[in-house]
Amino acid sequence: MTDMLIDGVYREGEPIADTKAPAGDIAQMWTRRQFEAALVNPANRRKLSVIIVGTGLAGAAAGATMGEAGYQVKSFCYQDSPRRAHSIAAQGGINAAKNYKGDGDSVFRLFYDTVKGGDYRSRETNVYRLAEVSADIIDQCVAQGVPFAREYGGLLDNRSFGGVQVSRTFYARGQTGQQLLIGAYQALERQVAAGTVEMFARHEMLEVVMVEGVARGIIARNMVTGEIETHLADVVVLATGGYGNVFFLSTNAMGSNVTAAWRAHRQGAYFANPSYTQIHPTCIPQAGEHQSKLTLMSESLRNDGRIWVPKRAEDCEKDPREIPEEDRDYYLERIYPGFGNLVPRDIASRQAKNMCDEGRGVGPAVDGVRRGVYLDFADAIGRLGEDAVRAKYGNLFDMYERIAGENPYEVPMRIYPAVHYTMGGLWVDYDLQSTIPGLFVAGEANFSDHGANRLGASALMQGLADGYFVLPNTIRDYLAKGPFEKLSDDHPEVVAARRSVEDRIHKFLTTGGTRSVDSYHKELGKIMWEKCGMERTDSGLREAIEEIRALRADFWSNVRVLGSAEGLNQALERAGRVADFLELGELMCIDALHRNESCGGHFRAESQTEDGEALRHDDEYAYVAAWEWGGEGGAPVLHKEDLVYEFIELKQRSYK
């Protein structure tokens, strides 16, 4: 490890590598790994216990599958029901390489598109496996009764999403995430009824229990009674989603947070690529300072909607219906004729920002700037008819009208980019195990599949792939080492973990400051959006690091949390989450500062082509940045996992 701080903010440690993926032909790796993983016979499964934190697609699927296999499963969520997990918000669809349209799709093409879409910053082995099991996901969900859209002949329908030129996205109108979650939820509840899964709703995980360096349980707070509970098991799975709410304004559910992953990080789990944040181009623009959440409009709308802004800034206040065709700039179709409105999300988002920065944004001004572009369905309605458009997108149009107060069948929608998904997360190997033995991570909470940018309709795919097919096959290799030593609540390391949670809660409630938790969260979010958002600079990131450090110091001395630890206390819940966001935000800025290149959602102003596109530097940065916790007041330690591309050629990403 280097003694001197690099850039004044971090140290570099030993390299890290994934040692679990078998060598050889990538098409045979997953089959070989499943065979090599040790088995656990049914009688022994009943003696082994698993904790799964999170009940979104990854967590619910893993809980249902492992319960069905016969393990003793404890499932935790902070919502009042697993059905309220944020997976329901993914509306547009789920990818699978079935080639139903006969347009040239294949497992390898889905693999290629995903690696290219991730700007060559994802791990080949994991992405190929994702593409390989994608077809099985669709079959599983159809068997569960998920009502996918069908063609006139009864076959499952497909549509296109950004970044690809084939139709591989299966969908259930604009409710795909909700319908998939209902399927996983029903499977989970079946195991609850069978007695293999014990459900703990309204419980928030606040610490990982570590015994002799191995994850053996969690400390959770009953959010209704306030009781601090100890739960022990043979293995722990985190499926707790992403951390987009570090920006305060995002498309995430208000309760979405980073606490479970961050508590694990502080215990020794490396955090990989934290600065890789996806900005979604198709969100309803911010209406004013009063907002605490932004609303996502499905990317599927870009199949039939055309995106444009006025050519002249003086037309931006006009009714869009009064702007003639020759005065409209369909800028994505102009700049990227090969993909048009279906360019990947990072490119569509950045170009929308560019149009608004030029003074050609539309809609009401917020802080003096019009942040919106038009998404126009007039051509689609003229070509297909309003009824056909209503059948495909009706619930999305209704949602837009309720929020924006305009009828999108008559007036073009207004959209603008917003924080949506995080590609970074806890580092995992091919088996989805973190750097902490016995701690596995699934879904958006891990970093493994999307590189620097997530293609549309791949989040649902990864969540269900991890939960139904990957984790149940790889975790058994770890569990086959059992039986494990039985622990009691009075074990010294278990007691210490519980005490750390109690001390932290006591600190929040006794600081007695003058500022609300939300005021800190809003200030952090503004720093992150302005200086670690769609465009980053060296000077801006350095300023952000100092500002976040000062804000965090003020938080711990001046935050005011009302109420008590006994019973429901949402201010206390938010305090813990914001405290973790304040630490994560600094690491995100450090990660963005050290990576002096542009790739996917990470756009450094100092690294771009002559025409303003992202410019990667593969000779310097073709690696995963896995960060180790540096201790209280210490600098984080960077461990690099080299990305080796054997099956796909590295090239600059182009959609023109």
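Visitor: The charged end of which residue sits over the ring of Tyr 421?
Guide: The model is a predicted one. A charge counts as sitting over a ring if CZ of Arg is within 6 Å of the ring centre and within 35 degrees of the ring normal. At 4.3 Å from the centre of the Tyr 421 ring, the charged end belongs to Arg 454.

Visitor: How far from the centre of the Tyr 520 ring is the charged end of Arg 515?
Guide: The charged end of Arg 515 sits over the ring of Tyr 520. Its distance from the ring centre is 4.0 Å.

Visitor: How many aromatic pairs are there?
Guide: Rings pair if their centres lie within 6.5 Å. Under this rule the number of aromatic pairs is 26.

Visitor: Are the rings of Trp 308 and Tyr 374 stacked, tilted or edge-to-face?
Guide: The ring centres of Trp 308 and Tyr 374 are 4.7 Å apart, with 40° between the planes. Stacked requires under 30 degrees and edge-to-face over 60.

Visitor: How many residues apart are Trp 308 and Tyr 374?
Guide: Trp 308 lies in strand 13 (residues 306–310) and Tyr 374 in strand 17 (residues 373–376). The pair thus links distant parts of the chain, and the separation is 66 residues.

Visitor: Is Tyr 374 buried or exposed?
Guide: Buried means under 20% relative accessible area. Tyr 374 has 4%, so this residue is buried.

Visitor: What is the angle between the ring planes of Tyr 468 and Phe 469?
Guide: Tyr 468 and Phe 469 are both buried. They form an edge-to-face pair, 6.1 Å centre to centre, and the angle between the planes is 65°.

Definitions and conventions
Residues are numbered from 1 along each chain as its sequence is written. This is a predicted model: local features need pLDDT of at least 70, side-chain atom pairs count only at pLDDT 80 or more; totals for chains, interfaces and linings use all residues. Side-chain values use heavy atoms; hydrogens and water are left out. Rings of Phe, Tyr and Trp (its six-membered ring) pair if their centres lie within 6.5 Å; planes under 30 degrees apart count as stacked, over 60 as edge-to-face and the rest as tilted. Helices (H or I, at least four residues) and strands (E, at least two) are DSSP runs, numbered from the N terminus. Buried means under 20% relative accessible area, exposed over 50%, partly exposed in between (1.4 Å probe, protein chains only).
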